[in-house]
Amino acid sequence: MSRMRTVALCLLSAAIAFSAAVPDTVRQSPAFSIQRIGNAPIDVNHYHGKIVALAFISTTCPHCQHLTEVLNTIEKEYTPRGVQFLECAFNPDAQSSLPQFIQQFHPAFPVGYADRGSVLAYLQYSILDTKPVYVPHMVFLDRRGMIRGDYPGESDFFQNPDASIRNELNQLLKPAAAATHRKKR
């Protein structure tokens with residue numbers, strides 16, 4: 001095989017892998033269930049008609065713990081405006097560490113857990129992708145259940161989570177802007 005052909009095949013393979021790892025710009029939220037300890041599971045699509053701010057976290061991550069504190073503050077202002085906040089832990093020991101996490105951080109919104117495979121499928125990460133999944137990771141759904149914002153943990157979004165989340169929610173709460181708001185990665 002010629003060197004040029006080898007390089008072309010490598011580039012094509014990389015492009016295919018990259019396209020499999022990056023979700024569409026705006027897409028319908030797929031079915032996703034968050035398990036809860038002592039309560040019924042949460043179906044994310046149950047909140048159709050509300051804006052949903054969904055955080056994927058690790059219960060042991062300091063950045064995720066800080067995000068929970070930020071969301072507790074923001075929740076008081078935005079829940080009356082039609083926003084539903086949710087957190088989903090997916091670290092390997094999430095089910096057993098969640099009670100202590102809830103007791104320590106007192107989230108004012110539903111928090112549960114899911115297995116890593118389900119979370120990666122929801123976020124449209126390819127199982128072939130070797131890139132780490134950084135947390136927290138936030139997804140924003142509009143009132144029609146369309147994913148309009150998707151922010152992985154390594155994004156600039158988390159440099160100032162309070163301002164970034166408020167900006168995202170304010171954009172989604174604008175009637176005309178919500179229809180054109182785009183996801184950023």
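This is a predicted model: local features need pLDDT of at least 70, side-chain atom pairs count only at pLDDT 80 or more; totals for chains, interfaces and linings use all residues.
Residues are numbered from 1 along each chain as its sequence is written, and side-chain values use heavy atoms, with hydrogens and water left out.

**View 1. Strand S4 and its two partners.** Helices (H or I, at least four residues) and strands (E, at least two) are DSSP runs, numbered from the N terminus. S4 runs antiparallel to S7, with five bridges joining them, and parallel to S5, with seven bridges; strands pair if DSSP finds at least two bridges between them. On the S5 side, Ile51 has Val83 as its bridge partner.

**View 2. The two faces of S4.** In a regular strand the side chains alternate between the two faces of the sheet. Here one side carries Ile51, Ala53, Ala55 and Ile57, the other Val52, Leu54 and Phe56, and all are buried (under 20% relative accessible area, 1.4 Å probe, protein chains only).

**View 3. Helix H2 and what it packs against.** H2 covers residues 62-78 and reaches 24 Å from its first C-alpha to its last, close to the 24 Å expected (1.5 Å times one less than its number of residues). Its buried residues, including Cys64, Leu67 and Tyr78, pack against S4, S5, H3, S7 and H5 (contact means heavy atoms within 4.5 Å).

**View 4. The β-α-β unit.** S4, H2 and S5 together form a right-handed β-α-β unit: with the strands pointing away from the viewer, the path from the first strand over the helix to the second runs clockwise.

Notes. Buried means under 20% relative accessible area, exposed over 50%, partly exposed in between (1.4 Å probe, protein chains only).
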